[in-house]
Amino acid sequence: MPSTPPSTIAEILATSNVDPSFAEASNNRHPSQESIRTITDLKQENAAALPALQKSLSESRPHDITEKTHSIKLRDEHPSRIIVCHLTSALTDATPRPLILLFHGGGHCVGHPEFELPLARRLVLAHSAIVICASYRLAPEFPFPFSICDAWETLEFAAREARKANPAVFPRCTDARVGFIVGGTCAGANLSASLAHLARDGNLHPQLTGQFLCAGTYVSEQHVPANYRGRYLSVAQNEDEPILNKAMFTMFRDAFQPDLTSKLYMSFDQHNPDDEGTGSVRHGHMGVPPAYFQVCGMDRFRDDGLIYERVLREECGVPTRLDLYPGFGHCWWATFPQLEMSEKRMKDAVDGVGWLLDRGIEEKC
């Protein structure tokens, strides 16, 4: 069952009370995992670990799933790597299948499409979806706005391919009209929330039917609209959480060099003229697709998710679903996959995306 959103300040603050299983796992971490490293160190470690990750994923791929890597050219001729994942039977299936585009996390500085492949496989098996795990250029070599520009071009590519009777990279059964979802984790959720607005404003066709926003940041802490400041507490409350503390976040942000006022960086304030002087952001979010949120209680981004979900649901009439994980830190499942709650989080994601697909069908009926 999805979570009931906390309604009082006391209930919100209580979600930072550490879960015993997370506390034990955190206390048992190797000291090297806790030290603050440079972005260069993290990128080198990330690159060095990729071959082993790819080998492990190849060996664990379900027998009835096909995965293929493609290189798509962006407008400046940059080759962007995507992994397309689907049931092998989809190659000969005529039943229309939904399309899901996933973006990995990593603070806009590290990460690979493979990060989202375990979830992609679960979504393929559960929903017979065609799933794309996408890449984008990373900071500091490619600072803001490279990641959102690359992500938008990848979304446009996916929509363009889905319109074709005989697409080059998707099975012919791909039909974004029966479901077209964009989503991601951490930085990937940040990108996905922005893409939902760009797709609305740019009249993307087929239009998006849902957005999956997992542990993302959507609110610029330097520019929190007045109506929501009283509930924006997690940045201070969780600044020392064991996975993504203030120092680590600052290191990523400084490398990324975002424009802190840009709606392409933080999608919460769309700078809609009808919201000017009201302290609200309501008009900026009207017309975005239904949203499924996953929020970690000990995360510095907790209140980004809780506030944004509440605004969409209460002020904009956008259907939402929330899974809240009290006592767990930012994207803990990537660091502690052995925890029971990590598997529950994965199952929740599959169910939440299923809810988005059902909502998309309902709205077309």
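Two strands count as paired if DSSP finds at least two bridges between them. In this predicted model, β5 and strand β6 (residues 210–214) meet that condition with five bridges, in the parallel sense.

- Strand β3 (residues 99–103) runs parallel to β5, and five bridges join the two.
- On the β6 side, G183 stands opposite F212.
- β5, helix α7 (residues 187–201) and β6 form a β-α-β unit, and this unit is right-handed.

**Burial of β5**
- Strand β5 spans residues 180–185, and six of its six residues are buried.
- F180, V182 and G184 point one way from the strand, while I181, G183 and T185 point the other way.
- Residues on both of these sides are buried.

**Cysteines**
- The whole structure contains zero disulfides according to the search.
- A disulfide requires two cysteine sulfur atoms within 2.5 Å; the sulfur of C214 has its closest cysteine sulfur in C331, at 5.4 Å, so the pair is too far apart for a bond.
- C296 is likewise in no disulfide, and its nearest cysteine sulfur, that of C331, is 5.7 Å away.
- C214 is buried, with a relative accessible area of 0%.
- C296 has 1% relative accessibility and therefore counts as buried, the cut-off being under 20% relative accessible area.

Methods. Residues are numbered from 1 along each chain as its sequence is written. This is a predicted model: local features need pLDDT of at least 70, side-chain atom pairs count only at pLDDT 80 or more; totals for chains, interfaces and linings use all residues. Side-chain values use heavy atoms; hydrogens and water are left out. Buried means under 20% relative accessible area, exposed over 50%, partly exposed in between (1.4 Å probe, protein chains only). Helices (H or I, at least four residues) and strands (E, at least two) are DSSP runs, numbered from the N terminus. A crossover is right-handed if, with the strands pointing away from the viewer, the path from the first strand over the helix to the second runs clockwise.
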